[in-house]
Amino acid sequence: MVYGIATMDEGGRVSERLITRLLGWKSGQSLDFSLVSDVIVVRCHPTGGFRVPRTMLCSIPAAVRRWCGLSPGDRVLLAAAPAQGVLLIHNMAAVDRMVLRYNAELAEIAES
């Protein structure tokens with residue numbers, strides 16, 4: 001996995017070109033966006049309704065931003081699995097839940 005944290009601009013773009021390069025995405029390539037729990041899953045798909053922008057920035061479509069309640073200025077965690085060609089986008093509330101759960105598990109181990 002390759003990670004990046006970026007701030008989303010008013011157009012849904014996040015400046016993390018390294019991740020799109022590592023995923024092997026090309027400008028104009030079709031992408032499919034789906035939502036699993038509160039995580040945005042992005043993968044190349046021949047019939048995807050969205051395209052990799054010419055700028056090669058990760059661009060989250062407006063409909064997807066609405067699904068997750070993302071607003072301009074929000075920070076997101078990008079988690080890329082280059083071997084699978086998948087990008088996972090987590091909002092900070094999801095990151096907070098993951099970190100709290102992980103730390104709670106560590107606290108339980110420490111108490112043992």
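Rings of Phe, Tyr and Trp, the last represented by its six-membered ring, are taken to pair if their centres lie within 6.5 Å, with planes under 30 degrees apart counted as stacked, those over 60 degrees as edge-to-face and the rest as tilted. Applied to the present predicted model, this rule gives a count of 1 aromatic pair. The pair is formed by Phe33 and Phe50, whose ring centres are 5.3 Å apart and whose planes stand at 85 degrees, so the arrangement is edge-to-face.

The protein chain contains 3 helices and 8 strands, and from the N terminus on its elements follow the order β-β-α-β-β-β-β-α-β-β-α. Along the principal axes, the C-alpha trace spans about 55 × 30 × 20 Å. The protein chain has 112 residues, of which 38% count as buried, and its accessible surface comes to about 6600 Å², with 55% of that surface belonging to carbon and sulfur atoms. Among the contacts between residues at least 6 apart in sequence, 60% join residues at least 24 apart. As for the charged groups, the mean position of the 12 positive charges and that of the 10 negative charges are 14 Å apart.

Six of the strands form an open sheet in the order E1-E7-E8-E4-E3-E5, with antiparallel pairing. Strands E1 and E5 are the edge strands of this sheet, each of them pairing on one side only. In general terms, the strands of a sheet pair through backbone hydrogen bonds, and this may be in the parallel or the antiparallel sense.

At one end of the strand order, strand E1 (residues 2-7) pairs with E7 in the antiparallel sense over 6 bridges, and within this pairing Ala6 stands opposite Val76 of E7. On its other pairing, E7 is joined to strand E8 (residues 86-91), again in the antiparallel sense and over 6 bridges; here the bridge partner of Val76 is Asn91 in E8. The hairpin of E7 and E8 has 4 residues between the strands, and in it Gly85 takes a positive phi near 70 degrees. Of the 7 residues of strand E7 (residues 75-81), 6 are buried, so this strand is largely enclosed by the rest of the structure.

Strand E8 also holds His90, which counts as buried because its relative accessibility is 9%, under the 20% cut-off. When residues up to four places away in sequence are not counted, His90 touches Val39, Val76, Leu77, Ala79, Val95 and Met98.

Towards the other end of the strand order, E3 and strand E4 (residues 39-44) pair in the antiparallel sense over 6 bridges, with Leu35 standing opposite Ile40 of E4. The hairpin of E3 and E4 has 2 residues between the strands, and Ser37 takes a positive phi near 55 degrees in this hairpin. E3 additionally pairs with E5 in the antiparallel sense, in this case over 2 bridges, and Ser30 stands opposite Arg51 in E5.

Within strand E4, Ile40 counts as buried, with a relative accessibility of 1%. Leaving aside its neighbours within four places in sequence, Ile40 is in contact with Phe33, Ser34, Leu35, Ile60, Val64, Cys68, Leu70, Leu87, Leu88 and Ile89. One of these contacts, Phe33, is also a member of the edge-to-face pair with Phe50. The C-alpha atoms of Ile40 and Leu78 are separated by 9.6 Å, although the two residues lie 38 residues apart along the chain.

Methods:
Residues numbered from 1 in each chain as written. Predicted model: local features only at pLDDT ≥ 70, side-chain atom pairs only at ≥ 80, totals over all residues. Heavy atoms only, no water. Buried < 20%, exposed > 50% of the residue type's maximum accessible area, 1.4 Å probe, protein only. Contact = heavy atoms within 4.5 Å. Areas by Shrake-Rupley, 256 points an atom, 1.4 Å probe, with all protein chains shown as cover. Lys, Arg positive; Asp, Glu negative; His and termini not counted. Charge placed at Lys NZ, Arg CZ, Asp CG, Glu CD. Pairing = 2+ DSSP bridges.
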